Amino acid sequence: MKSYDVAVIGSGPGGYVAAIRCAQLGMKTALIEKYSTLGGTCLNVGCIPSKALLSSSHHYEEATKHFEEHGIEIPGDVKVNLEKMIARKQAVVDQTTGGIDFLMKKNNIDVFEGLGSFIDTTHIKIDGKDTGEIEAKKIIIATGSKPSNLPFIELDKERIITSTEALKLKEIPKHMIIIGGGVIGLELGQVYYRLGAEVTVIEYMDRILPTMDAGLSKELNKVFKKAKCKMMMSHKVQSVERKGDDVVVKAENKKGEVVEFTGDYCLVSVGRRPYTDGLNAEFAGVKINERGQIEVNEYLQTSASNIYAIGDVVRGAMLAHKAEEEGVFVAETIAGQKPHIDYNLIPGVVYTWPEVAAVGKTEEELKAESIEYKVGQFPFRALGRARASGDIDGFVKILADKSTDEVLGVHMIGARCADLIAEAVTAMEFRASAEDISRYSHAHPTFAEAIKEAALAATDNRALHV
Ligand code: FAD
Ligand code: NAD
């Protein structure tokens, strides 16, 4: 039987990063993955393929709606070849997962393909292409998550689908009904409305992206409405039924009326659930809580002291970069170091266009915590760079402590916000004040100037260009 210092179960961004960091720190490391490709949800059916389709559909939208205003004329029709678009997405995925194979070899990590399940606290059974048993002093569970469903919905995976199927459709839906106006619903909803589908978003709460700053929800809602999407807020879905090639969704509105929607596809995107099927966690004394998450303490240690858990399978945001931070954290903890993660400073991004990004506290949270704050907001339309490219929608909002001026939250919607948010994270990691941000130089003309201007606005309302 092979023995390791550390065995990692699951090869998503949590697991493979943990394995690399363990190997870098001199530990003999094994990685177990039940599928034939590494990279987990993120690389195979999550972050990477969804961004590939968002990029392709964005190019199409630019060509059909915006090229003309730039003086670019295309003779004849611009057409979508969905098969080719999906094939390109798959090529991006294959290249990216192949990169993880390379990283495993480079770091001398032994990869086993098969379902990993606990025999006891130090032994794992592997069942798949590779079979057998390995022993490890420390074990990291990084088994991730799967799409959640509502109890009354039967996912046929043909027309009543999850994000996994929505990433490989063979035709452009005529009418896609999306249950859940969260990140997945909006990103994939935008892909398909850009390609020509009619899109209806049915959301249980009174706004899309209900956990983000309300100003961002409002602005993105406008974008979807402008694209003629039906945005049905405060609707409680009651039934989803397949009728031939149609799907009929019934939902109850605020007045108690039942509203019926008929489409040819229904995407169920109501969240994800931690995944521990087949792990036999109980054989190692690893506790799973009532929400299905593996219970961990502040060191990400489970109820079995040599076993840790990270990523989507534990509490907190279900984000790839959060899983990666936790992978590094656990590897360094095992090595005897004293790492730290500030969960308040893990940014959240929605890769629609305009992009939505945020870090730190929302206004709603500050109010609930009775923290006095000031607001500095700056619209992208006032930037030369935004007008030059034609990306004028959106704003940057900085929330700073009323007495100390420390930045407590940054919320933005607009072009390139997914990348711009890194400046806010850096500033907040170094506990910058709004005035600090307003006093360092931002290149002109850039979208980043909106951050400086919002910081100026938060500092005695000193924005220069509004
Ligand atoms: P996962 O990536 O889920 O990996 C877990 C791995 O463990 C899987 O490969 C699984 O097969 C394997 N496994 C499970 N059980 C076993 C077992 N018993 N034995 C062996 N292997 C096992 N996040 C972002 O930050 N940015 C984004 O843009 C983004 N876009 C997304 C888009 C979509 C459509 C979806 C669905 C998710 C997206 N996410 C995004 C979320 C992100 O994918 C997850 O937060 C992230 O993948 C979690 O990483 P993880 O390592 O915890 O688990
Ligand atoms: P989500 O939690 O973002 O959104 C789910 C939405 O469904 C919420 O708005 C919720 O109010 C709504 N909802 C729940 N039950 C409902 C019901 N019965 N009827 C109508 N609406 C209902 O979840 P998701 O969009 O499925 O994404 C899952 C996870 O994947 C998220 O945690 C997210 O962080 C991650 N993800 C991240 C990205 C990104 O970082 N860009 C992209 C995709 C997914």
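A polar side-chain atom of H321 lies 3.3 Å from an oxygen atom of ligand 1, a polar contact being a pair of N or O atoms within 3.5 Å. The protein covers 95% of the 1000 Å² of accessible area that ligand 1 has on its own; such areas come from the Shrake-Rupley method with a 1.4 Å probe.

This is a predicted model, in which local features need pLDDT of at least 70 and side-chain atom pairs count only at pLDDT 80 or more, while totals for chains, interfaces and linings use all residues. Residues are numbered from 1 along each chain as its sequence is written, chains are lettered from A and ligands numbered from 1 in the order in which they are written, and side-chain values use heavy atoms, without hydrogens and water.

**Ligand surroundings**

Ligand 1 is surrounded by 39 residues, with E33, T41, K51, G116 and A320 the closest; a residue is near a molecule if one of its heavy atoms lies within 4 Å of it. This shell holds 17 nonpolar, 17 polar and five charged residues. Helix 2 (40–45) is among the elements that supply at least two residues each, and its four residues are the largest share. Helices (H or I, at least four residues) and strands (E, at least two) are DSSP runs, numbered from the N terminus.

Around ligand 2 there are 22 residues, and I184, E187, E203, G271 and V349 come nearest. They divide into 13 nonpolar, five polar and four charged. Helix 6 (residues 183–194) gives the most, three residues.

| Residue and its atom | Ligand atom | Distance |
|---|---|---|
| P13, backbone N or O | ligand 1, oxygen | 3.4 Å |
| G116, polar backbone | ligand 1, nitrogen | 2.8 Å |
| I184, backbone N or O | ligand 2, oxygen | 2.8 Å |
| E187, polar side-chain | ligand 2, nitrogen | 2.9 Å |
| M318, polar backbone | ligand 2, oxygen | 3.1 Å |

Of the 830 Å² of accessible area that ligand 2 has on its own, the protein covers 78%.

Five strands form an open antiparallel sheet in the order 18-19-22-21-20; two strands pair if DSSP finds at least two bridges between them. Strand 18 (348–350) and strand 20 (373–379) stand at the edges with a single partner strand each, so one side of each has no neighbour in the sheet. Three bridges join strand 18 to strand 19 (residues 355–360), and V350 stands opposite V356 in strand 19.

Technical notes
A polar contact is a pair of N or O atoms within 3.5 Å; within protein, one must be able to donate a hydrogen and the other to accept it, and residues adjacent in sequence count only if both atoms are side-chain atoms. Ala, Val, Leu, Ile, Met, Phe, Trp, Tyr, Cys and Pro count as nonpolar, Asp, Glu, Lys and Arg as charged, and the others, Gly among them, as polar.
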